[in-house]
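I set down here what I looked up in this structure, entry by entry. The sequence and coordinates come before the notes.

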Amino acid sequence: RAGSLTALGLRKCGLSDATTAVLGGALAHPGAHLRTLNLGSNDVGNEGAVALGESLGRSPTLRVLDLRDNQVGDQGVTALAEGLVRSKTLAELNLASNRVGNQGAAALAEGLKRSETLTKLNLGDNRVGDQGAHALGTSLQHSEALAELNLKRNRKVGSATKQALLALPGISTRLVFD
């Protein structure tokens with residue numbers, strides 16, 4: 001459709017959870033054509049992520065969601081993981097430089113097992129530890145869609161865990177640690 005908005009970049013705009021909730025509602029509108037939403041480097045926290053997660057399953061076109069460099073923690077990521085399962089279009093999710101810990105990573109791992117569309121997940125520079133990394137790694141044995149999982153700069157992921165994940169059988173996903 002001519003004149004339809006397909007990409008929206010609102011990086012470094014000082015967006016809050018309340019503003020993000022409004023955007024989440026717009027994503028779910030049946031007439032929405034948005035394919036890429038960049039909300040990086042704002043003040044989006046758990047409440048905003050919950051609103052986006054609730055909208056993911058109803059968004060008819062969103063393929064890329066960039067939430068890097070925000071304040072999203074485990075609660076928000078859990079809602080995003082639930083939305084990921086319902087989404088029929090989301091291919092890339094960037095959560096680098098947030099506050100994602102083991103609980104959020106485990107929720108994403110469960111979402112990855114059931115997601116048919118997500119091909120790229122960036123969790124670099126978060127608070128994921130061995131437990132969360134292991135949950136994500138083992139979920140890859142059940143995920144056919146995910147092509148790349150980025151866990152760079154998660155200092156709590158030990159070298160033994162990295163080696164064990166790289167040695168898991170039956171995984172075609174590219175694992176990025178360094």
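Is R68 buried, partly exposed or exposed? I found R68 to be partly exposed, because its relative accessibility is 31%; buried means under 20% relative accessible area, exposed over 50%, and partly exposed in between (1.4 Å probe, protein chains only).

**Basis of the entries.** I worked on a predicted model, in which local features need pLDDT of at least 70, side-chain atom pairs count only at pLDDT 80 or more, and totals for chains, interfaces and linings use all residues. Residues are numbered from 1 along each chain as its sequence is written, and side-chain values use heavy atoms, with hydrogens and water left out.

**Salt bridges.** I took a salt bridge as a side-chain nitrogen of Lys or Arg within 4 Å of a carboxyl oxygen of Asp or Glu. By this rule I counted 4 salt bridges. In one of them R68 pairs with D66, the closest N and O atoms lying 2.7 Å apart. D66 counts as buried, because its relative accessibility is 7%.

I next looked up E110 and K113, whose side chains form a salt bridge at 3.0 Å, N to O. These two residues are 3 apart in helix 4 (residues 102-114), so about one helical turn separates E110 from K113. I read helices (H or I, at least four residues) and strands (E, at least two) as DSSP runs, numbered from the N terminus. E110 is partly exposed at a relative accessible area of 44%, and K113 is partly exposed at 33%.

I also noted a salt bridge between the side chains of K162 and D178, at 3.8 Å from N to O. This pair links distant parts of the chain, 16 residues apart: K162 lies in helix 6 (residues 159-166) and D178 in the segment after strand 7 (174-176). D178 is exposed, with a relative accessible area of 75%.

**Helix 2 and helix 3.** How do helix 2 and helix 3 lie relative to each other? I recorded an angle of about 10° between helix 2 (residues 46-56) and helix 3 (residues 74-86), with their axes 7 Å apart. The two helices are therefore roughly parallel to each other. Axes are lines fitted to C-alpha atoms, for helices over the stretch in contact, and angles run from 0 to 180 degrees between N-to-C directions; those under 35 degrees count as roughly parallel.

Contact means heavy atoms within 4.5 Å. On the helix 2 side, the contributing residues include A49, L52 and L56, and on the helix 3 side they include A79, L80 and L84.

I listed the buried residues of helix 2 as G48, A49, A51, L52, G53, S55 and L56. They pack against helix 1 (17-27), strand 2 (36-38), strand 3 (64-66) and helix 3.

**V64.** I located V64 in strand 3. Leaving out residues up to four places away in sequence, V64 touches R35, T36, L37, L90 and E92. The C-alpha atoms of V64 and L118 are separated by 9.4 Å, although the two residues are 54 apart along the chain.

**Whole chain.** I counted 6 helices and 7 strands, in the order β-α-β-α-β-α-β-α-β-α-β-α-β along the sequence. The C-alpha trace spans about 50 × 30 × 20 Å along its principal axes. Of the 178 residues, 52% count as buried. Among contacts between residues at least 6 apart in sequence, 87% join residues at least 24 apart.

Conventions. Angles under 35 degrees count as roughly parallel, over 145 as roughly antiparallel, 65 to 115 as roughly perpendicular and the rest as oblique.
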